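Hello,

Here is the structure I promised to pass on to you. Please have a look at it first, and then read my notes below.

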Amino acid sequence: MGWSETHRRWQVLRQLETELARADVPLPWSEEHAELFGDRATMLAMLRYRWELARDAQVDPSLPEAVLDEQRLRIDQRFAGVRRILERYANLTEDGSDHVAA
């Protein structure tokens, strides 16, 4: 994957993060998503990676517990929509069927 595709993929992930934060919506899917990610399971894996990367990069365990709690809260709020989607589609199958967790 070249730089432009990688850049576009991250840009779409940021857009998804914003969209998911605004409302409790189903997992968006379009032709562009299919081109960038291949399938829904890969897109979900990339959303999880983005959330985990942000969490790991922004939560410094050497800080006092009160500051850590504030950082965790900010990350949790920022990624609430992403985490909701990850939980909802935790049972997405390899073939892309949406077996939504109840």
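**Aromatic rings and a histidine**

Arg 55 sits over the face of Trp 51, with 5.0 Å to the ring centre. Please keep in mind as you read that this is a predicted model.

Next, the aromatic pairs. Searching the whole structure turns up one such pair. It is formed by Trp 10 and Tyr 49, whose ring centres are 6.0 Å apart. Their planes meet at 55°, so the pair is tilted; an angle over 60 degrees would have made it edge-to-face, and one under 30 degrees stacked.

Where in the chain do Trp 10 and Tyr 49 lie? Trp 10 belongs to helix H1 (residues 3-22), while Tyr 49 belongs to helix H3 (residues 40-58). As for accessibility, Trp 10 has a relative value of 22% and counts as partly exposed. Tyr 49, at 42%, also counts as partly exposed.

The other residue I would point you to is His 33, which is in helix H2 (residues 31-37). Is His 33 buried or exposed? Its relative accessible area is 9%, so His 33 is buried, the limit being under 20%. The His 33 side chain reaches the backbone nitrogen of Ser 30 at 3.1 Å. Beyond its neighbours within four places in sequence, His 33 is in contact with Val 12, Leu 16, Pro 28, Gly 38 and Met 43.

Enjoy exploring it!

Best wishes

Terms used: Residues numbered from 1 in each chain as written. Predicted model: local features only at pLDDT ≥ 70, side-chain atom pairs only at ≥ 80, totals over all residues. Heavy atoms only, no water. Phe/Tyr/Trp six-rings, centres within 6.5 Å; stacked < 30°, edge-to-face > 60°. Helix = DSSP H or I, 4+ residues; strand = E, 2+ residues; numbered from the N terminus. Buried < 20%, exposed > 50% of the residue type's maximum accessible area, 1.4 Å probe, protein only. Lys NZ or Arg CZ within 6 Å of the ring centre and 35° of its normal. Polar contact = N/O pair within 3.5 Å; in protein donor to acceptor, adjacent residues only side chain to side chain. Contact = heavy atoms within 4.5 Å.
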